[in-house]
Amino acid sequence: MKNELIFKHRINVTQPKLPDYGMYTELLKEVWEKKWLTNDGPLHERFREQVRDMLMVPQAELFTNGHLALEIALKALDLTGEVITTPFTFASTTHAIANAGLKPVFCDVDPITYNIDATKIERLITPDTSAIVAVHVFGTPCDVFTIEAIAKKHNLKVIYDAAHAFGVEINGVGIGNFGDISMFSLHATKVFHSIEGGLLTFKDESLSPILKSLKNFGITSPESVDYVGTNAKMNEFQAAMGLCNLETVRNDIQMRGNVYQAYVEGLKDLVSVQLLPQDTAVKANYAYFPIVLRSHEMRDRLFEVLKGYNVFARKYFYPLCNDFSCYHTSSKETPIAKGISDNILCLPMYADLEIADVKQIAEIISFELGEHLE
Ligand code: T4K
């Protein structure tokens, strides 16, 4: 340990962006005046329209969190049987598939982007396959064009878990325009948040009434319930937070970009560290800063030693979903994903992280990996 590099304050993997307090309470006055707290209130509607415009998508529906939004997306598309998906993701993705009564079939990932390897999808398709659920992990877009071609050829639906990808664009096209439905998480730990929250984007207008109904107990009119729905409505306090954060999100992403560059500068020459590459066709949102170490032991040692410096990195995503005991599957079928998951560490990344702190974290890592550059 190098004592002079120990932080006096705790640095977590992320820290939520909070808006101006006065701006938030000003919006809450409307809630008090109208006495409308949830169930499609006026702030909810305003937020829905503004966030739809911001993401440049034709249709958007809001939910109380990303996980339930994803479950509802799968139910709305009336899927059956098997769904091809990635094991390198948060538990939510696989659980949503299972909770929708579907069987997750795990496909290996690309060693560079950590996203589902589109070239390995077709061999997993069976007569029971109804969809592909891919994740834009850490905000890096999947190979959306290859996935679209496979889906068309085999008549499959495509759902993107875009939990990490708020504001990402491919050649100027909002990432929420790809696939049948995309899900964005608006959780406090994300690039953009509404405390808790979820958003589905889609092109097919006819999905809108089904999604609205599924998040409201399956009710379709005062005297009819046509679906086995749930309660996944976004309330007015969440919508107010979303409206406030929309004001600053572009600037927040720029600040994250500065943090990202400072990390790249500090870590790019380390031979033990693999960084996510940047694609010039992609407008990034710098949601996470993952590094892949050369071995599992090196990753676990760095994870522990960073805590001594007051730096709390996270092993996103370890273990892999196909190693969860509840699925009775194994990561043996997905060796690339296993290697990444065993060796990955996500470093602190948020808009308000000081550049000097990023440089210090990079210096700690260089020192601890024995690659201290004079
Ligand atoms: N799909 C994917 C690919 C996802 O990553 C997620 C969620 C979902 C679907 C589901 O979306 P949601 O239903 O959540 O909308 C966190 C988040 O809770 C979760 O939203 C996120 N992915 C996941 C990657 O990260 P944990 O268990 O790591 O959270 P926690 O409480 O340990 O917090 C992480 C760090 O953030 C801590 O260092 C402390 C800091 N923090 C957290 C909160 C909540 C704060 O400083 N303030 C806060 O208010 O899951």
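**Around the ligand**

Q: How far is a polar side-chain atom of Asp161 from a nitrogen atom of the ligand?
A: The distance is 2.6 Å. A polar contact here is a pair of N or O atoms within 3.5 Å.

Q: What kind of model is this?
A: The model is predicted, with local features needing pLDDT of at least 70 and side-chain atom pairs counting only at pLDDT 80 or more, while totals for chains, interfaces and linings use all residues. Residues are numbered from 1 along each chain as its sequence is written, and side-chain values use heavy atoms, leaving out hydrogens and water.

Q: What about His67 and the ligand?
A: One of the ligand's oxygen atoms lies 2.9 Å from a backbone N or O atom of His67.

Q: And His187?
A: An N or O atom in the His187 side chain is 3.4 Å from an oxygen atom of the ligand.

Q: Which residues come nearest to the ligand?
A: Asp161, His164, Ser185, Lys190 and Tyr316, out of 25 residues around the ligand (near means a heavy atom within 4 Å).

Q: Where does the ligand lie relative to domain 1 and domain 2?
A: Between them, because domain 1 (2-16 + 249-371) and domain 2 (21-246) both give residues to the shell. The domain bounds come from an automatic or database domain assignment.

Q: New topic. Is Ala232 buried or exposed?
A: Ala232 is buried, because its relative accessibility is 0% (buried means under 20% relative accessible area, exposed over 50%, partly exposed in between, with a 1.4 Å probe and protein chains only).

Q: How far apart are the C-alpha atoms of Ala232 and Thr64?
A: They are 5.1 Å apart, although 168 residues separate Ala232 and Thr64 along the chain.

Notes: A polar contact is a pair of N or O atoms within 3.5 Å; within protein, one must be able to donate a hydrogen and the other to accept it, and residues adjacent in sequence count only if both atoms are side-chain atoms.
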